[in-house]
Amino acid sequence: MDSVGEFDGPADVGAMRRDVEQLVRFDRRTAGEGERASARYLGERLHGLGAKDVATSTFRSQTSWAPAHLVHLAISAGLAALRHPVARWGGAAIAVSYELEVSGRLQWARRLLPARRGVSVWARIPAAGHSRRTVVLCAHHDAAHMGAVWHPYAVAASRRLAAATGHAVPSHAIPLTALAAAAIPSRRIRFAAGAALAASAALMVQSMRSRTAPGANDNASGVAAVLALAGQFVASPLPETTVLVVFPGGEEAGNTGIKDWLRRHRRQLDPDHTLVINLDSVGSRGPMVVSAREALTNTLAADAVERAHRAAAELGLDLEQVSFPNATDAAIMTHAGLPAVSLLSVEDGWVSHLHRPSDTVDNVDWTTVSNAVRLAGQIARTWVRDVRDVVAA
């Protein structure tokens, strides 16, 4: 081990598989009993690894992303039926509000809707010496609703585009387009937009009422990888760098858990001395990827993305750069002004078995998960090394 906490030896695949096997036993729908059971398990694991200040926090959340989306669609449909020109401006405002909702920037509708309590877990790994910096390791522990919107046929066009170009169509592109069209003066266009809004609403309701995916890849794989990293950093602390391990709930319901965690802890994090590494769905049977853009308008910090590429090159790992169709918790960290790296894995341009009943332990690629552990660890260690070198100079 060197002065920046180099850890010798690969991640324990057996331990990571056991973590994933345990997590998929829970129905980890946001704000459900399974999410609470998952949080209890992760708290015990963090205690067992030797992390400090292990804590849970609850947050207000719906159990799905769909209700807040449906509010926007309903208001837009009502405005589209009106002839007054003011309704066109109102429709345009709702389209903008919908993009802000999906990106995680402004989620006013959620405050008006009935909600339950979700659970996040976090812990601290002390620095070697006086702490001057913070690395945040993040992986959401909840699991998604399934539904027809995630059927392979429904995402086929976006998947083909992603495989060819690395740029997926944002998952909310169709309803967003319909919302924008509903604000156009032409009655014929508004009528077509209304039909698209009705179809989108039906699919949202169907997804909201669907069963929860097993979530082995999305995102028990990321949780298991972060637990492996936590064990490494307990055994070999980073010099002058505290590691915060954060397992937010509510990511699949609209990033509600990480928004609550930031509300509680953002003031303690200096953007100039903090790096966030988010692991999400790192068990696909394909290459590791780093996300440069998420959903439509969430652009991650270019220097953080470049740091991931440099770390991968040092390890001799292939790392592709993509635009991801959904907003991960890394996007919310970026909104808060924190530099964030978002690591995922894809197969043929798409996260394997995304929100499908086939997202099981047997379909997780453990080589890719192990590579995620290596890469995330290298990113953290090289960031500490580079920051120390700058200070020394």
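I count two strands as paired if DSSP finds at least two bridges between them. Helices (H or I, at least four residues) and strands (E, at least two) are DSSP runs, numbered from the N terminus.

**Entry 1: ground rules.** I am working with a predicted model, where local features need pLDDT of at least 70, side-chain atom pairs count only at pLDDT 80 or more, and totals for chains, interfaces and linings use all residues. Residues are numbered from 1 along each chain as its sequence is written, and side-chain values use heavy atoms, with hydrogens and water left out.

**Entry 2: strand β6.** I began with β6, residues 288–294. I looked up its pairing with β9 (residues 340–345) and found the antiparallel sense, over 3 bridges. There V289 stands opposite L344. Next I checked β8 (residues 319–324), which runs parallel to β6 and is joined to it by 6 bridges. M288 has L319 of β8 as its bridge partner.

Then I turned to β7 (residues 298–299), which is antiparallel to β6, with 2 bridges. E294 has its bridge partner in β7, at N298. β6 and β7 form a hairpin, and 3 residues lie between them. In that turn, A295 has a positive phi of about 60 degrees.

I also looked up burial (buried is under 20% relative accessible area, exposed over 50%, partly exposed in between, with a 1.4 Å probe and protein chains only). In β6, 6 of the 7 residues are buried, so the strand is largely enclosed by the rest of the structure.

**Entry 3: H172.** I found H172 in the loop between α6 (156–165) and α7. H172 is buried, at a relative accessible area of 3%. I then listed its contacts (heavy atoms within 4.5 Å). Leaving aside neighbours within four places in sequence, H172 touches Y98, E99, V102, A295 and L296. A295 is also the residue with positive phi in the β6–β7 turn. The side chains of H172 and E99 are joined by a polar contact of 2.7 Å. Such a contact is a pair of N or O atoms within 3.5 Å; within protein, one must be able to donate a hydrogen and the other to accept it, and residues adjacent in sequence count only if both atoms are side-chain atoms.

**Entry 4: α7 and α8.** I looked up helix α7 (residues 173–181) against helix α8 (residues 187–208). Their axes come within 8 Å and cross at roughly 145 degrees. Axes are lines fitted to C-alpha atoms, for helices over the stretch in contact, and angles run from 0 to 180 degrees between N-to-C directions. On α7, the contact is made by I174, P175, A178, L179 and A181. On α8, I noted residues including I189, R190 and M204.
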